[in-house]
Amino acid sequence: MAGARWARVTGRAAGWDFAFMPFPIRLPPTRTTRKHFQSKICAKIAKPHRVPVLEAGSNRCQLTPVLPFSLIDSFLLRAFRFRTRGFLRMEEAPGTMPPAPREGNGYLYIHVPFCEVLCPFCSFHRVQHHHGQAQRYFASLREEIRRYHAAGFRFTGVYVGGGTPTTEPGELVTTLNLVRELFGVKDISVETNPKDLRPEILEPLRAAGVTRLSVGVQSFDDRLLKDMSRYEKYGSSEVIQAHLRAAVGMFPTLNVDLIFNQPHQDIASLERDIAILHDLGVNQVSFYPLMTSPTAARRMAGVMGLPDHRRLRTFFTTILARLQPEFTPTSAWCFTRRGHGCDEYIVDADYYVGVGSGSFSFLDGTLYTTTFSLETYAQRIAAGLTGITTRHRLSRGDLMRYTLLMRMFGLRLDRAAIQRRYGASFFRRLWGELRTLEWLGAAKRDDRGWQLTERGMYWLMLMMSAFFESVNDYRDAMRAHIRDEKNESDTLCVPAISPAGIGK
Ligand code: SF4
C-alpha cells in the first residue's frame with residue numbers, strides 16, 4: 001500500500017509531468033485495495049492525465065508506477081555528481097610528455113583562447129585578443145605540435161576550438177597545414193564566429209582542408225543577442241543569417257551552435273530559431289543548454305539574468321519535436337541533416353591530446369590539463385616542454401563510468417567494443433547504472449548493446465552539462481591565478497547599458 005500512497009501524493013501536484021515506468025507493480029487483490037485505487041488513484045491521476053494507471057481486474061490489481069520527472073531529474077543528477085566526483089581531482093604532473101598510445105583512434109585538440117568580445121555567459125578559457133600576443137602563441141602551438149609528433153603521437157582528426165580560432169586566420173591556416181603535413185589528418189573541425197564568415201577567411205580554410213566549420217551563433221533572436229553582448233560585435237540576426245547563407249556548401253559540414261534556456265528566452269523565440277535553421281540550409285546544429293560557472297554566473301546575474309533549470313525539459317522536448325525528422329540526432333545535443341559526426345570529439349575518440357593553454361587531454365585512462373597562464377605556456381614551450389602541468393589517473397571504476405557517459409551521450413553503447421576493452425567486469429561493475437537506464441526507459445537493450453531513447457537523450461543532456469559545469473568550475477579555479485593576463489577586467493565583459501535597457 002505504500003505504492004498507492006506515494007502515487008496518490010504525486011497525483012496531487014497538478015501540472016507536473018509524469019514518467020510512466022515501463023513495468024507494473026501487482027498488488028494484493030483485496031477488496032480494500034481495489035476500492036482504494038479506484039476511488040483515489042483513478043480520480044487523482046488516471047482521469048486527469050488520461051492514462052491507464054490502474055487495471056483492476058476481478059482477481060488482480062495492477063499499478064503502473066508514475067514518478068514526476070523533476071524528481072527523477074534531481075535523483076539522476078545527484079547520483080551522477082556523486083559517482084563522478086573523482087573525475088577532476090587533478091594533481092601536479094611530474095613529467096611533461098605522456099607516453100604515446102600504441103593503438104586506437106586519436107584526436108588532436110588545439111585551443112586558441114583569443115576573442116574580440118568576451119561574452120558575459122562564457123566560461124571557456126578565453127582572453128581579450130591582442131595581435132602580437134596571438135602571433136607568439138600560435139608559434140608556440142606549432143612547436144608543441146611538432147613535439148608530440150616527434151614523441152610518436154598520431155591523430156586521425158583535429159579540432160580547433162577556443163576562444164575564437166579565426167581571430168588570426170593566417171596563423172590558423174599555417175598551423176592546420178602543419179598538422180596535415182605531420183599527421184595526414186582527414187577530419188578538420190574549426191570553430192568560428194558569424195563575423196568571420198567572410199570569403200577572405202573561409203576560402204583559405206577550405207583550401208587548408210577544413211571539413212567542418214562550427215559557427216557560434218547562440219541565438220537568432222536580436223533581444224537575446226543583445227543580452228549576450230553579441231549583437232554589436234557579431235551583428236543582428238539578419239546579418240548572421242546572411243553570413244551563414246553565403247557559407248552553405250563551402251564545407252562538408254556547416255554546424256551552428258545554439259544555446260537554449262537563456263534567461264529571457266521563451267518557447268516562441270526557440271521555435272523561431274528552429275524555423276530559421278530549417279530555412280538556412282546548414283546541415284548540423286548543436287543545441288546546448290546554457291551552462292555556467294560561479295564566475296560566469298556572477299557576471300550574468302547583473303547583465304542578462306540566470307537560467308531557470310526547471311524550464312530545461314520544456315525547451316528540450318520542443319527542440320526534439322521541431323528538429324526531427326529533418327535533422328537526426330548524432331548525440332544527445334547534436335543534430336545532423338544528411339551528414340554524420342557530432343560536435344564532441346571526446347565522444348568518438350579513444351584518446352585525445354590538447355595543445356595550447358587551458359586544454360584537456362585524455363590518454364590511457366589519465367586526464368591531463370595544460371597551464372592556464374599564457375605566459376607560463378610560452379615559457380614551457382621555449383624550455384622544450386609541453387603545456388601539461390596537471391594530471392589525474394582515473395580509477396578503473398571512474399574510467400568505466402567515463403566511458404559509459406561518453407558512449408551513451410553518443411547515443412549507443414556497443415557491447416562488443418566494451419567487452420574488448422574492459423572485459424565482462426564492465427557489465428558487472430556498472431550493472432546498477434545500466435539497469436537504472438533501462439528501468440527509466442532511458443536506454444533500450446538490443447543484440448548489439450544499449451541504444452539511448454528520446455527520453456534518455458534529455459537525461460544524458462543533463463548529465464553531460466553537469467560534467468561540463470564541473471570542467472567549468474575547474475577552469476574558474478585555474479583562471480583565478482591569471483587575473484592580470486586575461487586583460488578581461490570584468491567590466492569589459494559587461495555592456496555599458498543597464499539590464500533594464502537590454503533589448504529595448
Ligand atoms: S562565447 Fe564569446 S567569449 Fe566565449 S569563446 Fe565564444 S566569442 Fe569568446
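Author: Threonine 370 has 28 other C-beta atoms within 10 Å, and since 20 or more make a residue buried, threonine 370 is buried. Bear in mind as you look that this is a predicted model. Threonine 370 sits in strand β19, which covers residues 366–370. Which residues does threonine 370 touch, leaving aside those up to four places away in sequence? There is a group made of Gly354, Gly356, Ser357, Gly358 and Ser359, and with them come Tyr377, Gly387, Ile388 and Thr389. Take glycine 356 from that list: it is 14 residues from threonine 370 in sequence, and the two C-alpha atoms are 7.1 Å apart.

Aspartate 364 lies in the loop that links β18 (360–363) to β19. Its phi is positive, about 50°, although aspartate 364 is not a glycine. Is aspartate 364 buried or partly exposed? It has 15 C-beta neighbours inside 10 Å, so it counts as partly exposed, whereas threonine 370 is buried.

Serine 229 also has a positive phi, near 60°, and it too is a residue other than glycine. You will find serine 229 in the loop between α7 (222–227) and α8 (231–234). Here the count is 24 other C-beta atoms within 10 Å, so serine 229 is buried.

Now for the cis peptide bonds. One joins glycine 162 and glycine 163, with omega at about 15°. Glycine 163 belongs to the loop between β10 (157–162) and α5 (169–183). Another cis bond runs from glutamine 324 to proline 325, and its omega is near 5°. Proline 325 is placed in the loop between α12 (312–323) and β15 (328–329).

The glycine pair also brings us to the ligand. Gly162 and Gly163 are both among the residues that surround it, and these are the two residues joined by that cis bond. Thr164 is part of the surroundings as well, together with Cys115, Leu118, Cys119, Cys122, Phe124, Arg126, Asn193 and Gly216. Sorted by class, this shell holds five nonpolar residues, five polar residues and one charged residue.

On the α4 side the contact is formed by Ala134, Gln135, Phe138, Leu141, Arg142, Ile145 and His149. These meet Glu171, Thr175, Leu178, Val179, Leu182 and Phe183 of α5. By class, the contact of α4 with α5 has eight nonpolar, three polar and two charged residues.

The crossing is right-handed. Ile267, Leu270, Glu271 and Ile274 supply the α10 side of the contact, and Thr314, Phe315, Thr318, Ile319, Arg322 and Leu323 supply the α12 side. Six of the residues in the contact of α10 with α12 are nonpolar, two are polar and two are charged.

Helix α3 (residues 69–83) packs against helix α19 (residues 454–479) at an angle of about 40°, and the axes are 10 Å apart. The pair is therefore oblique, and α3 passes α19 in a right-handed crossing. From α3, the contact uses Asp73, Leu76, Leu77, Phe80 and Arg81; from α19, it uses Trp459, Leu462, Met463 and Ala466. Seven nonpolar and two charged residues take part in the contact of α3 with α19, and no polar ones.

Finally, step back to the whole chain. The protein has 21 helices and 23 strands. Of its 504 residues, 42% count as buried, threonine 370 being one of the buried residues. Among contacts between residues at least 6 apart in sequence, 76% join residues at least 24 apart.

Notes: Residues are numbered from 1 along each chain as its sequence is written. This is a predicted model: local features need pLDDT of at least 70, side-chain atom pairs count only at pLDDT 80 or more; totals for chains, interfaces and linings use all residues. A residue is near a molecule or strand if its C-beta atom, placed from the backbone, lies within 6 Å of it. Ala, Val, Leu, Ile, Met, Phe, Trp, Tyr, Cys and Pro count as nonpolar, Asp, Glu, Lys and Arg as charged, and the others, Gly among them, as polar. Axes are lines fitted to C-alpha atoms, for helices over the stretch in contact, and angles run from 0 to 180 degrees between N-to-C directions. Helices (H or I, at least four residues) and strands (E, at least two) are DSSP runs, numbered from the N terminus. Angles under 35 degrees count as roughly parallel, over 145 as roughly antiparallel, 65 to 115 as roughly perpendicular and the rest as oblique. A crossing is left-handed if the near helix is turned anticlockwise from the far one by less than a right angle, and right-handed if clockwise. Two residues are in contact if their C-beta atoms, placed from the backbone, lie within 7 Å. A residue is buried if 20 or more other C-beta atoms lie within 10 Å of its own, exposed if 12 or fewer, and partly exposed in between; C-beta atoms are placed from the backbone.
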